[in-house]
Amino acid sequence: MSFCCGATMIGTVGTLRQGSTLVHNVPLYYCPVCHQVEVHPTVKDEFDLLVEYAQEDSAREVNLKDYIDEEMVAEWKENCTSFQDDNPEKVLREQIDMALDLLGVAKQLEDDQWVSDLKHRLQVLSSRLTKLKKKQAENN
């Protein structure tokens, strides 16, 4: 599990640009609040090595999936609390639930800064959920 701005980062698979090279199928951590993206530590060495080789060969696109094994993927999935998949509403609701749980703890501890941070996070997540539901309604 990884954190950035205090939010729990979500596991996802994506494409990253490194210089002029696109690297596909990269296991990532993604923050739904501040949009920070990190390559999962399990595959970081393979990712860095592949990028280095690709740039030396002037490759425009490479696929990390060809260089990682099932154990690495299993470890990545084990370390994530949730995954960005075909149901982004579920992920947003999970993040909101976690933030609400933490808000209760922050209030009990009388940590005003943490309460403020969590309220901001809840505003961002709620706004994203509203936009998602509006977009889904327009598409139906």
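Biologist: In which loop is the place of Ser58?

Modeller: This is a predicted model, and in it Ser58 has a phi near 55 degrees, a positive value in a residue other than glycine. Ser58 is exposed, with a relative accessible area of 59%, which is over the 50% that the term requires. As for its place, Ser58 sits in the loop between α1 (41-56) and β4.

Biologist: Glu110 has a positive phi as well; is Glu110 buried or exposed?

Modeller: Glu110 belongs to the loop between α3 and α4, and its phi is about 55 degrees although Glu110 is not a glycine. Residues count as exposed when their relative accessible area is over 50%. Because the value for Glu110 is 66%, this residue is exposed.

Biologist: In what order do the elements of the chain run from the N terminus on?

Modeller: The chain holds four helices and four strands, and buried residues make up 34% of its 140 residues. Read from the N terminus, the elements follow the order β-β-β-α-β-α-α-α.

Biologist: How many bridges join strand β1 to strand β2?

Modeller: Strand β1 covers residues 10-18 and strand β2 covers residues 21-30, and the two run antiparallel. They form a hairpin with two residues between them, and Gly19 in that turn has a positive phi of about 65 degrees. Within the pairing, Val13 has Pro27 of β2 as its bridge partner. The number of bridges joining β1 to β2 is eight.

Biologist: Which residue of β3 is the bridge partner of Tyr30?

Modeller: Strand β3 (residues 37-39) runs antiparallel to β2, and three bridges join the two strands. Six residues lie between β2 and β3 in their hairpin, where His35 in the turn has a positive phi of about 70 degrees. The partner of Tyr30 in β3 is Val37.

Biologist: Do β2 and β4 run parallel or antiparallel?

Modeller: Strand β4 comprises residues 61-63, and three bridges join β2 to this strand. One of the pairings is that of Leu22 with Glu61 in β4. The direction of β2 and β4 relative to one another is parallel.

Biologist: How far apart in space are Cys34 and Val124, C-alpha to C-alpha?

Modeller: Cys34 lies in the loop between β2 and β3, and it counts as partly exposed because its relative accessibility is 38%. Along the sequence, Cys34 and Val124 are 90 residues apart. In space, their C-alpha to C-alpha distance is 9.0 Å.

Biologist: Which element gives the most to the lining of the second largest pocket?

Modeller: The second largest pocket holds about 180 Å³ of space, and its lining consists of Val13, Asn25, Pro27, Lys65, Ile68, Asp69, Glu70, Val73 and Trp76. At least two lining residues come from each of β2 and α2 (70-78). With three residues, the element that gives the most is α2.

Biologist: Which exposed residues does the face of α3 turned away from its buried side carry?

Modeller: An α-helix has 3.6 residues a turn, so residues three or four places apart point the same way. In α3 the buried side includes Leu92 and Ile96. The face turned away from that side carries Asp101 and Gln108.

Technical notes
Residues numbered from 1 in each chain as written. Predicted model: local features only at pLDDT ≥ 70, side-chain atom pairs only at ≥ 80, totals over all residues. Heavy atoms only, no water. Pairing = 2+ DSSP bridges. 1 Å grid on protein atoms, 1.4 Å probe; cavity = no way out; pocket = protein on both sides within 12 Å on 5 of 7 lines; lining within 4 Å. Points joined across faces, edges and corners; volume = space filled by probe spheres on them. Buried < 20%, exposed > 50% of the residue type's maximum accessible area, 1.4 Å probe, protein only.
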